[in-house]
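Here is a briefing on one protein model. It covers pocket, cores and backbone.

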Amino acid sequence: MDTATLAAGLAAQDRRSLARAITLVESARADHRAMALDLLGRLDPARQALRIGLSGTPGVGKSTFIESFGLMLTGLGLRVAVLAVDPSSARSGGSILGDKTRMERLSRDPRAFIRPSPSQAQMGGVARRSREAVALCEAAGFDVVLIETVGVGQSETVVAELCDLFLLLLAPAGGDELQGVKRGIMEMADIILVNKADGDLKSAAMRTCADYAGALRLLRRRSQDPEGFPKAMTVSALEDQGLATAWSEIETLIAWRRANGHWAKRRAGQAQHWFGEEVRRGLLAVLEVEPARGVMAALGAEVAAGTTSPEAAAARLLSLLGRG
Ligand code: GDP
């Protein structure tokens, strides 16, 4: 299928075209890559979705949350796309987030589109493919793009650089200790959702929520947050509790950020971030092909033999590249 037809399919909100387009951007083949770039160039940049990042460790209830939350949004008439950033697939070849039985009801909803993460991708590849998949979902007219990650390695950073707003899903803690959530992850969160606030777990969830609310007060970024954000709240994905409130908090935050220029500034900063990443990636790729690869191997042998210092060898290689 040619890219003009695919682009037209996206503009017509055709889900099969979207699935095909994402397969195209995931492909490592050089001819596919060229087609993907051509396709991305044909997209209407005026079409924008609300991009929501969602992170949480396995078992915390991400699938359950996305299904309930997604169905609530489609019930409001919104079109919802779900993408996964899953670096574990890069290592194991299998995907934690790719399980087809997840989110069964949402996947049958005509207003929803769920894309499991691809297997066999490098982290850099995961970032690029996710970024491009988000753009494709926007072009296909989705109102909300949920970008999910299990938060292994760098995946949270990737998601934070892709989304307009970041949700962190936590489970109720037994004790009064914050659950070893890394500070960096806390700092990315706009809203912490303590899930499973139902039945026997309800009071533990409320205690956990209060603990995190306290911790978040210290992390308020005055320049990019309205009063009261970042915030912690309890939800029950299983019993559909608190999801409408969570959505209204999201709308409040985004409306504030749009009105104050933060939304556009964040996207502009993200575009610059990805530009830098692509340049770095391209520069590294130069080292993988001739003549740089051969020169690097030869200089490496000299360094190993002790005839050239690592610094001098690096300087020689870089000066050769600079002349190219
Ligand atoms: P994921 O690994 O983060 O995607 O978590 P899942 O959505 O698969 O949920 C893991 C387990 O937690 C499942 O047994 C769910 O039924 C359960 N669970 C998810 N949300 C809730 C909730 O709101 N309340 C309760 N009690 N259990 C939940």
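The points below are grouped by topic.

This is a predicted model, in which local features need pLDDT of at least 70, side-chain atom pairs count only at pLDDT 80 or more, and totals for chains, interfaces and linings use all residues. Residues are numbered from 1 along each chain as its sequence is written, and side-chain values use heavy atoms, with hydrogens and water left out.

**Largest pocket**

- The largest pocket holds about 600 Å³ of space. A pocket is an open set of points on a 1 Å grid over the protein atoms alone, where a 1.4 Å probe fits, with protein on both sides within 12 Å along at least five of seven lines; lining residues have an atom within 4 Å of a point. Volume is the space filled by probe spheres set on the points, which are joined across faces, edges and corners.
- Its lining has 23 residues, with Leu-40, Arg-51, Arg-131, Ala-135 and Glu-138 closest to the centre.
- Helices H3 (30–41), H7 (123–139) and H12 (262–286) each give two or more residues to this lining. H7 gives the largest share, seven residues. Helices (H or I, at least four residues) and strands (E, at least two) are DSSP runs, numbered from the N terminus.
- The lining of the largest pocket divides into 10 nonpolar, two polar and 11 charged residues. Ala, Val, Leu, Ile, Met, Phe, Trp, Tyr, Cys and Pro count as nonpolar, Asp, Glu, Lys and Arg as charged, and the others, Gly among them, as polar.

**Nonpolar cores**

- The largest nonpolar core has 34 residues; Leu-10, Leu-18, Leu-39, Leu-136, Val-145 and Ile-147 touch the most other members. A nonpolar core is a set of buried Ala, Val, Leu, Ile, Met, Phe, Trp, Tyr and Cys residues joined through side-chain atoms within 4.5 Å. Buried means under 20% relative accessible area, exposed over 50%, partly exposed in between (1.4 Å probe, protein chains only).
- H7 gives the largest share of this core, seven residues.
- Domain 1 (1–43) and domain 2 (46–258) both contribute residues, so this core lies between them. The domain bounds come from an automatic or database domain assignment.
- Another core lies apart from it, with 32 residues, including Phe-229 and Trp-247.

**Backbone**

- A cis peptide bond joins Phe-229 and Pro-230, with omega about -5°.
- The bond from Glu-290 to Pro-291 is also cis, with omega near 5°.
- Gln-13 has a positive phi, near 65°, and is partly exposed at 35% relative accessibility.
- Asp-240 has a positive phi, near 60°, and is partly exposed at 49%.
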